[in-house]
Structure formats: structure tokens, C-alpha cells
Amino acid sequence: MNTRTILFDLDGTLIDTNQLIVASFKHTFEHFKLDFTDEEIIEFNGPPLVETFKKIDPVRSDEMVATYRAHNYLYHDQYVTAFPNVLETLQELKKNNIKMGIVTTKIRQGVEMGLKKTGLTGFFDSIVTLDKVTHAKPHPEPVLKAMEELGGESKSTIMVGDNSHDIESGHNAGVRTAAVSWSQKGRDRLLTYEPTYVLEDMSDLLQIVGV
């Protein structure tokens, strides 16, 4: 099937921020004297921070977001790396004129920090962050916005992600989807959302695209 556009989630898909995210949640919960297990914290990874913290404590959610981000940005470069073969795969896709975009629930500052640290700046002609949309994933709006910015069409677009809301957002936007097997939530769990493809390695995209 012809593929001209590939959209990627960022955290947990292209770059490994898992330990940073867990550490930032733990720091925030300790600061506000809350107690969650590691398993519970992993479940918080994915949706927008504001949404997560509002469910936990609507009154202090803004303070919690600020505390989380301050810790996250301070320790960012100590933790963050690109997943195996991500850089090489993006280079090959770009060489073959595949249009690429980022669709994330992060705000712009965090995205730029991650791309810079991992050497992935310059591959993406569309970066749709939380502050650019009204509705976050799993709503189709972020995927549709990225496609519009790239001049993409649903039939030739793939959305790649590590979380259920990535796959659901792709489905809701009418595009093919690819789940990454290195998801912190686990490969089997993502399979329940019926992605079009499962990537065992990022380079699997090259075979799917046919380059």
C-alpha cells in the first residue's frame, strides 16, 4: 500500500523518556505527599499532564503540572535517548521523500528538548503539540491537523505510537496505524486496539513503506 506520510508520537515511540517520566511523577507525588505505585504511575504515561493531574487533584492540578515540568526539564538530558535505529530509519525515509510529522500530547518546549538531545531535529515538517489543538489524542484532531500541514491524505498516511490513544487517534482519523512493540504498556495490550502493523524495530517501517 502506498505510503507518503508518516506521523509519530514522540515519548515512548521515537525517544526513550520512560525513566524520566516515572521520576518526574514520583518527584511530584512526593512533593504533594501522594502515594502511587510504579504500576499506577506507568498508567499515567500518555494522556496530557493537565488531564492526569486534574483527575488526581482538581484543586492543585496546575501546581502539580508546574512541579512535574520543572523536574522533567531539569533532569531531561540525563535520561533521554533515541530508541534503536530511529535516526537511521528517519534518514532513510527522508531520503525517499516520505513526509514526516510529530503528533504528541507534550507542549512545544519539551518536544524541542527531546529532538535536540537525540539528534532528531530537522526531520519533521509538522509538529502538532498539545498547545496547537483543541482536542488531544485519542480525538482525531491532532492527526488531521498534521496531515493538513503536510498535505497528506488518509489513505497514504500511517500513525505510529506506543500508547492506546495514538492508535485510537489514528483510527478516528481514518489512517493506518503502527504500534511499537517496545511500548511501556506492553505489546499485547496495544494489540487489543487493533493497529494495522506492529513494529518490532523502527526499521520495520522501511519494509512497510517499501524503501
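## Exercises on a predicted model

Glu194 sits in the loop between α9 (187-191) and β8, where helices (H or I, at least four residues) and strands (E, at least two) are DSSP runs numbered from the N terminus. The model is predicted, so local features need pLDDT of at least 70 and side-chain atom pairs count only at pLDDT 80 or more, while totals for chains, interfaces and linings use all residues. Residues are numbered from 1 along each chain as its sequence is written, and side-chain values use heavy atoms, with hydrogens and water left out.

### Exercise 1: backbone

Task: find what phi Glu194 has, and whether Glu194 is buried or exposed.

Solution. Start with the angle: phi of Glu194 is near 55 degrees, a positive value in a residue other than glycine. Then turn to the surface. Buried means under 20% relative accessible area, exposed over 50%, and partly exposed in between (1.4 Å probe, protein chains only). Glu194 has 63% relative accessibility and therefore counts as exposed.

Now try Asn85, in the loop between β3 (81-82) and α5. Its phi is also positive, near 65 degrees, and with a relative accessible area of 33% Asn85 is partly exposed.

Finally, look at the Lys137 to Pro138 peptide bond: it is cis, with omega near 15 degrees. Pro138 belongs to the loop between β5 and α7. For background, most residues other than glycine have a negative phi, and most peptide bonds are trans.

### Exercise 2: the core around Phe8

Task: work out which residues have the most contacts inside the largest nonpolar core, and which ring pairs with Phe8.

Solution. First, the rule: a nonpolar core is a set of buried Ala, Val, Leu, Ile, Met, Phe, Trp, Tyr and Cys residues joined through side-chain atoms within 4.5 Å. The largest has 31 residues, and those with the most contacts inside it are Phe8, Leu14, Leu90, Leu93, Phe124 and Val160. Elements giving two or more residues to this core include β1, α5 (86-95), β4 and α6 (108-118). A second, separate core of 12 residues includes Val22, Met64, Val65 and Tyr68.

Next, the rings. Rings of Phe, Tyr and Trp (its six-membered ring) pair if their centres lie within 6.5 Å; planes under 30 degrees apart count as stacked, over 60 as edge-to-face and the rest as tilted. Phe8 and Phe124 are edge-to-face, at 6.2 Å centre to centre and 75 degrees between the planes. The partners are 116 residues apart, with Phe8 in strand β1 and Phe124 in the loop between α6 and β5.

### Exercise 3: two helices

Task: decide how α4 and α6 are oriented relative to each other, and which residues meet.

Solution. Begin with the geometry: helix α4 (residues 61-79) packs against α6 at an angle of about 15 degrees, with the axes 10 Å apart. Axes are lines fitted to C-alpha atoms, for helices over the stretch in contact, and angles run from 0 to 180 degrees between N-to-C directions. Angles under 35 degrees count as roughly parallel, over 145 as roughly antiparallel, 65 to 115 as roughly perpendicular and the rest as oblique. The two helices, α4 and α6, are therefore roughly parallel.

Last, the contacts (heavy atoms within 4.5 Å): Tyr73, His76 and Asp77 in α4 meet Gln109, Gly110, Met113, Gly114 and Lys117 in α6.
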